[in-house]
Amino acid sequence: MPFAPHLSLLCPVCRQPFEPSGAHPQAGKRLVCPAGHSFDAARQGYFNFLVGKGTAFEADSAAMVEARHSFLAAGHYLPLATAVAAAVVRVLPATGAAVLDSGTGTGQYLRVLLDQAAATAPAAYGLDISKYALRRAARLNPEAMNLVWDIWQPLPLATDSVDAVTVVFAPRNPAEFARVLRPAGRLVVVTPRSGHLAELAARTGMLAIEEGKDARLAAAMASHFDLESSSDIDIPLSLTVSQATDLAFMGPAGHHLGREAIAGRLAGSREPVTAEARLKLLVFTPAQTPAE
Ligand SMILES: C[S@@+](CC[C@H](N)C(=O)[O-])C[C@H]1O[C@@H](n2cnc3c(N)ncnc32)[C@H](O)[C@@H]1O
Ligand SMILES: [Zn+2]
């Protein structure tokens, strides 16, 4: 199903809603705002809103994105994706629902969500700073509006426009999430807990997850959100050496260690390589009196 541009989407230059493209021959492929700023879809279907903005960032490389895609495609984190989707689906209205997956990566979490929410068919936005990730996400979720954008800039979405924001292992901008969420909406956050993949971290040079991150997250959210629920999700993993290499390489270690270096540290390991994902799923409601 091709994406129908939605009035909630704002032009990243002047922040006016895009014109509905209706029966225009470029429908779904070009966005034009009332001031004439126009954006063409990339061949794979995503839109790059950062064109010319010169934002500095360290995006995941194409190779890291491929490692993430193949690790997730094998279904290792499906229990997590299902839990995220369940937390969202139960709060979606029957009609006019909309969701934002912020830091959507290769789009696999949004895919599971959209499949589980098929009855309500929410409008969907997938946002990420990596165009390599969005190439994958746009192919997997053609019904979503996939946007290259920097989460630290004002989001190109109208105020009160989505029922749920999901953020899985990705950076969080609480003020902007609170702005785009409808009052009855939910913010669903997944973060690693202390000890996440500790066995693998010790062997590959992945960064260990620090203690105290939870407290910092709660404090960062507190001015805009109330915590509704918190659950721990533990996923035992039984991996081939190649899958374990993908898992280490797709995370922050991929930025400072090459795949070869990680593979070298795991070479000769007895299969299956075992590890445990230790995760936390947090559901927040917008605070009743948000801080100014
Ligand atoms: C660890 S990955 C998680 C991706 C996906 N949610 C998943 O779990 O597979 C973190 C994602 O956040 C994105 N990201 C990092 N900084 C960002 C920023 N400033 N704005 C938007 N996305 C960002 C990265 O490109 C990457 O796809
Ligand atoms: Zn504009």
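Predicted model: local features only at pLDDT ≥ 70, side-chain atom pairs only at ≥ 80, totals over all residues.
Residues are numbered from 1 along each chain as its sequence is written, and chains are lettered from A and ligands numbered from 1 in the order in which they are written. Local features need pLDDT of at least 70, side-chain atom pairs count only at pLDDT 80 or more, and totals for chains, interfaces and linings use all residues, while side-chain values use heavy atoms, with hydrogens and water left out.

**Zinc site**

Select the zinc ion (ligand 2): Cys11 (SG), Cys14 (SG), Cys33 (SG) and His37 (ND1) coordinate it at 2.1 to 2.3 Å. Donors are N, O and S atoms within 2.8 Å of the metal (3.2 Å for Na, K and Ca); water is not among the atoms, so sites may look incomplete. The four donor atoms subtend angles of 102 to 114°, which makes the arrangement tetrahedral (all angles between 85 and 135 degrees). Along the chain, the donors follow the spacing C-x2-C-x18-C-x3-H. Cys11, in the segment before strand S1 (30–32), and Cys33, in the loop between S1 and strand S2 (38–40), are 22 residues apart and link distant parts of the chain. Strands (E, at least two residues) and helices (H or I, at least four) are DSSP runs, numbered from the N terminus.

Next, select Arg15, which is also placed in the segment before S1. Its phi is near 65°, a positive value in a residue other than glycine. Most residues other than glycine have a negative phi.

**Helices H2 and H3**

Now display H2 (residues 78–89) and H3 (residues 108–116), whose axes come within 9 Å and cross at roughly 50°. Axes are lines fitted to C-alpha atoms, for helices over the stretch in contact, and angles run from 0 to 180 degrees between N-to-C directions. H2 and H3 are therefore oblique to each other (angles under 35 degrees count as roughly parallel, over 145 as roughly antiparallel, 65 to 115 as roughly perpendicular and the rest as oblique). In H2, the residues that meet H3 include Leu78 and Val89, and their partners in H3 include Tyr109 and Gln116; contact means heavy atoms within 4.5 Å.

**Helices H8 and H10**

Move to H8 (residues 241–249) and H10 (residues 259–266), which pack at an angle of about 135° with their axes 9 Å apart. This pair is therefore oblique as well.

**A cis peptide bond**

Finally, select Pro272, in the loop between H10 and strand S10 (273–286). The peptide bond from Glu271 to Pro272 is cis, with omega near -5°.

Terms used
Tetrahedral: all angles 85-135°; square planar, octahedral: opposite > 155°, others 65-115°.
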